[in-house]
Amino acid sequence: MKKFKRNKASKRQKGVDMISNLPDHVLQLILSGLPTTEEAVRTSVLSKRWRYLWASIPSRDADCTRKLTNFNESEFKEFVDRLLLDRSVDLDSFRLRCENHYDMSTVWRWIRDAIIRKVKLLDLSFSPRVDDDQVIRLPPILVTCDSLEVLRLSLSFTSTLRLPTVTGFPALRVLQLNSVHLRLPTITGFPALRVLQLNRVHLMDVDSVQPFLRSCPLLEDLSLIDCFSYSYEDPLSYSDEYEDVDVDEDVCISCLNLKTLRVHNRNIGTYTERFGYGGSSENYVLCVYLHVFCPKLVFLEYAGHSADELLIENLDSLKKAVIYPDGRAHKEITFESYGANTCQLFAGVSHVESLSLNLFFIQAISTARDSNGVFAKSLPNLKTLEISTTIDDYTMNVVIRILRCSPILESFHLIIEEEIFWPEVWKLDEVLTHHLKRVEFLEFNGEQQKLDMARFLLENGNELEEMVFSWRGKVNYHEKSMEIMKEVLKFDMASSTVKLITLLKD
């Protein structure tokens, strides 16, 4: 009998790992796409081919709080040391979260090792141990690093950060500081800084804000989110703990190249109470007097507790404003006390093309004692308006005044929070018939009062091109949207070309 030789099985048939045969740069991309550095390091056990491959990826991530890692302090320290051991590969980013488990000499050593590898992005979250010095001074190697472009630093409200008093960070474009007492220097320099974000920061010397901003000549984007200073209105609330804190409450934001400004103060009371500051939470404010002078500003977002006096000057370039005041930040606040200030702010942004206003803003204007004296006479450039309001005589009077001041308004986004009663004053005549092109009902849920308003707008909007119903509830959207659209299609429509759109917004 003739015997046939059995062919050797192909490598593919033997189950050889084809991925391992890919070029290094492809495997590095795969490893870089893994969620954590720990997972990339684990691939070293797959084969000799993978043993040191993880060390060639340009990002490092070490987080002691991640559930995937069950490291104790000693093991985590060894892990971070291993991540930074090889200095042959430059780093695009290094993220470190170690809380207060290690002394500052260890933390600074890790940061130094990352800087030696020409790191571009540092994302750091740590705090000194209880028995360590709580004043943090950035080491010279960090200040003078010429590769660093992005620095994110999260500390704790037990620590005070002192920025350097000399020009530094020659390549830094983005600086984000979170949860810290911050003492700004009066003389410093960030020659390349374009984005500055301060989140939950206690400004210990607010009079240094403007000199500091002046030292950032290229700054384009500034965010002050839940930042605060301390107001000593009650002498008994003063304590030795804050004897070196400057209590000047006049903040001036004057940046010649600033294009985006966000000021949020929604959670001041929450943070001051959470971290155990003395005195009443009403003593914590961003400032009493806020002066904004930014001739190239394009976008302004102002939310939460408003300064007692707000001066806005030279914002001729402003295109979009989002104004969401909130009196709940202080228990003693009233609509009347906010009214004049709100009207003044409104007049300062009256030339924008896009404007978003919340219910508190509308209510504050409706109760202002002299709203006629400072209310914007005209919104000549306004094309897009978003308003959150109730339906009653007081609020709708304000809404209608705004609409009638908007001769070229094209898009009107409306959030109706509550219908108290339908006012007879809801007559917009020429505003609707000659200009309005788009109406959107935000957070729509099939409410009858919104359908009544939709009917009115469709019957009177001769130039209306689009009406959008943006649903807020997935269940109601799937159950009711088609029936609602069938009902709306039966309405009389002044415009023969209007499009009706229903959609679900997350």
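Is Ser159 buried or exposed? Ser159 is buried, at a relative accessible area of 0%. My cut-offs are these: buried is under 20% relative accessible area, exposed is over 50%, and partly exposed is in between, with a 1.4 Å probe and protein chains only.

A note on what I am looking at: this is a predicted model, where local features need pLDDT of at least 70, side-chain atom pairs count only at pLDDT 80 or more, and totals for chains, interfaces and linings use all residues. Residues are numbered from 1 along each chain as its sequence is written, and side-chain values use heavy atoms, with hydrogens and water left out.

**Entry: Ser159**

I found Ser159 in the loop between strand S5 (150-154) and strand S6 (160-162). Helices (H or I, at least four residues) and strands (E, at least two) are DSSP runs, numbered from the N terminus. Leaving aside neighbours within four places in sequence, I listed the contacts of Ser159 (contact means heavy atoms within 4.5 Å): Ser127, Pro128, Gln134, Ile136, Val180 and His181.

**Entry: the whole chain**

I stepped back for the totals. The protein chain has 14 helices and 23 strands. It has 506 residues, and 51% of them count as buried. I also checked contacts between residues at least 6 apart in sequence, and 70% of those join residues at least 24 apart.

**Entry: helix H3**

Which residues of H3 are buried? In this helix (residues 73-83) they are Phe76, Phe79, Val80 and Leu83. Looking down the axis of H3, I see the buried residues fall within an arc of 95°, so they line one face of the helix. That arc is taken from the directions from the helix axis to the C-beta atoms.

I then asked what they pack against, and got helix H2 (37-42), strand S1 (59-63), strand S2 (93-99) and helix H4 (104-116). At the N-terminal end of H3 I noted a cap: a side-chain oxygen of Asn72 lies 3.1 Å from the backbone nitrogen of Ser74. For the record, a polar contact is a pair of N or O atoms within 3.5 Å; within protein, one must be able to donate a hydrogen and the other to accept it, and residues adjacent in sequence count only if both atoms are side-chain atoms.

**Entry: helix H4**

H4 came up as a neighbour of H3, and I went there next. Its 13 residues should span 18 Å at 1.5 Å a residue, and the end C-alpha atoms are 18 Å apart, which agrees. The expected span is 1.5 Å times one less than the number of residues. Among the buried residues of H4 are Met104, Trp108, Trp110 and Asp113. The cover over the buried residues of H4 includes H3, S2, strand S3 (121-126), strand S4 (135-137) and helix H5 (140-143). After H4 comes Lys118, with a positive phi near 55°.

Val107 is buried, at 1% relative accessible area. Beyond four places in sequence, Val107 is in contact with Leu96, Cys98, Tyr102 and Phe126. Val107 and Leu96 are 11 residues apart in sequence and 9.1 Å apart C-alpha to C-alpha.

**Entry: cysteines**

How many disulfides are there? I counted zero, taking a disulfide as a pair of cysteine sulfur atoms within 2.5 Å. For Cys64, the nearest cysteine sulfur is that of Cys98, 6.4 Å away. Cys64 is partly exposed, at 21% relative accessibility. The sulfur of Cys255 has its closest cysteine sulfur in Cys294, 5.2 Å off and too far for a bond. Cys255 counts as buried at 5%.

**Entry: aromatic rings**

Rings of Phe, Tyr and Trp (its six-membered ring) pair if their centres lie within 6.5 Å; planes under 30 degrees apart count as stacked, over 60 as edge-to-face and the rest as tilted. By that rule I got 11 aromatic pairs. For Phe441 and Phe444, the ring centres are 6.5 Å apart and the planes at 55°, so this pair is tilted. Phe441 is buried at 0% relative accessibility, and Phe444 is buried at 0% too. Ring pairs link Phe441 and Phe444 with Phe469, Trp471 and Tyr477 into a cluster.

**Entry: Thr390**

My last stop was Thr390, in strand S19 (residues 384-391). Thr390 is buried, with a relative accessible area of 4%. Not counting residues up to four places away in sequence, Thr390 touches Leu359, Thr395, Met396 and Glu418. Its C-alpha atom is 9.2 Å from that of Gln363, 27 residues away along the chain.
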